[in-house]
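Hi,

Here is the structure I said I would pass on. Have a look at it first, and then read my notes below.

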Amino acid sequence: MKIKTPMRLSLDSRAAITEAVGRLAHANRSMDSSRRNFLRNSLSLGGLSLLTGSALVDESSVETALAKISHLNDQAQAWLFDSDRLAPTYPDSMITRPFPFNAYYGEDEVRDIDGSSFRLEVTGLVADKRQWSLSELRAMPQIEQVTRHICVEGWSAIGKWGGVSFAGFLQRVGADLTAKYVGFKCADDYYTSIDMATALHSQTTLALTYDGRPLPPKYGFPLKLRMPTKLGYKNPKHIQAIFVTNTYPGGYWEDQGYNWFGGS
Ligand SMILES: Nc1nc2c(c(=O)[nH]1)N[C@H]1C(S)=C(S)[C@@H](COP(=O)(O)O)O[C@H]1N2
Ligand SMILES: [Mo]
């Protein structure tokens, strides 16, 4: 059989990979018994040990094998990531109404943040460590996009986010664009981090609005990072601090076994 073109994946197959990775991440995070069931149902244990070079003799070797797969995933996804490929955008008529809320807590516990005293902290490998008020961020050029948000918990929804181009913001603060990671600390103690290539992707937006209005508290007021190339848990809401670093910062779900790259 002749292989026609090198790996040039369609968005559909990228979505399928993302979904598979999401399922793996989800399985990673599941309880012990469902983890074993996942392995039994979708991979043979022999196959898993061949793939990872670990003998699956006990629960901790299964853990190690899954962690290795997750690391392989990070590398494969970083390699597959194409900075020029755009995630699909949609017409306003396709926006999901109401857009779902999700967090590691319930909607009744959403943080209420005072926009007038809010200051965004910017630290790490950046030339300009000044803090930013909301009005300063609103004064920067704004972009807006209707894109699909995919959550590994099994739902997706289309929404419209607007704000500052994150690449533009990183340039403006004199970030070291050769650094490996951009990390985020949130007002609800959530945290995550992303690769620099995704930070600089043209659709990555430091979002100030949802559907043309200031972000409502439940969608992350005052600031959220919106990346249509990444799964839901990589998109931090209620951002308080942004830092540029070469030291792996992890993330709230990532540290519990979710795949770190988490995207396409
Ligand atoms: N600060 C913060 N950001 C977060 C989360 C969170 O719990 N806290 N949950 C993540 C997950 S898992 C999802 S699916 C999306 C949900 O965003 P939404 O409420 O706008 O749908 O936020 C992501 N960002
Ligand atoms: Mo999610």
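Asn 259 is buried, because 27 other C-beta atoms lie within 10 Å and 20 or more is enough to count as buried. You'll find Asn 259 in the segment after β9 (239–245). Along the chain, Asn 259 and Asp 74 are 185 residues apart, yet their C-alpha atoms are separated by 7.0 Å. Keep in mind throughout that this is a predicted model.

Now the overall picture. The protein has 264 residues, and 32% of them count as buried. Its secondary structure comes to 7 helices and 9 strands. If you take the contacts between residues at least 6 apart in sequence, 68% of them join residues at least 24 apart.

How many of its residues are buried? The count is 5 of 7, so β9 is largely enclosed by the rest of the structure. One of its partners is β1 (residues 121–124), which runs parallel to β9 and is joined to it by 4 bridges. Within that pairing, Gly 124 has Val 244 of β9 as its bridge partner. Another partner is β4, this time antiparallel, with 6 bridges to β9. Val 244 turns up here too: Val 182 stands opposite this residue of β9.

Strand β4 (residues 181–186) and β5 run antiparallel, and 5 bridges join them. Among the paired residues, Phe 184 has Thr 192 in β5 as its bridge partner. Is β5 (residues 191–195) covered or open? Mostly covered: 5 of its 5 residues are buried.

The two strands form a hairpin with 4 residues between them. Asp 189 sits in that loop between β4 and β5. Asp 189 has a positive phi of about 70°, although it is not a glycine. For background, most residues other than glycine have a negative phi, and most peptide bonds are trans.

You'll find Asp 211 in the loop between β6 (205–210) and β7. With 17 C-beta neighbours inside 10 Å, Asp 211 counts as partly exposed.

While you're going through the backbone, check two prolines as well. Pro 222 is found in the loop between β7 (213–214) and β8 (224–226).

Last, the ligand. Which residues come closest to ligand 1? They are Ala 103, Cys 186, Tyr 190, Gly 232 and Lys 237, out of 17 residues that surround ligand 1. By type, the shell divides into 10 nonpolar, 4 polar and 3 charged residues.

Cheers

Key. Residues are numbered from 1 along each chain as its sequence is written. Chains are lettered from A and ligands numbered from 1 in the order in which they are written. This is a predicted model: local features need pLDDT of at least 70, side-chain atom pairs count only at pLDDT 80 or more; totals for chains, interfaces and linings use all residues. A residue is buried if 20 or more other C-beta atoms lie within 10 Å of its own, exposed if 12 or fewer, and partly exposed in between; C-beta atoms are placed from the backbone. Two strands pair if DSSP finds at least two bridges between them. A residue is near a molecule or strand if its C-beta atom, placed from the backbone, lies within 6 Å of it. Ala, Val, Leu, Ile, Met, Phe, Trp, Tyr, Cys and Pro count as nonpolar, Asp, Glu, Lys and Arg as charged, and the others, Gly among them, as polar. Two residues are in contact if their C-beta atoms, placed from the backbone, lie within 7 Å.
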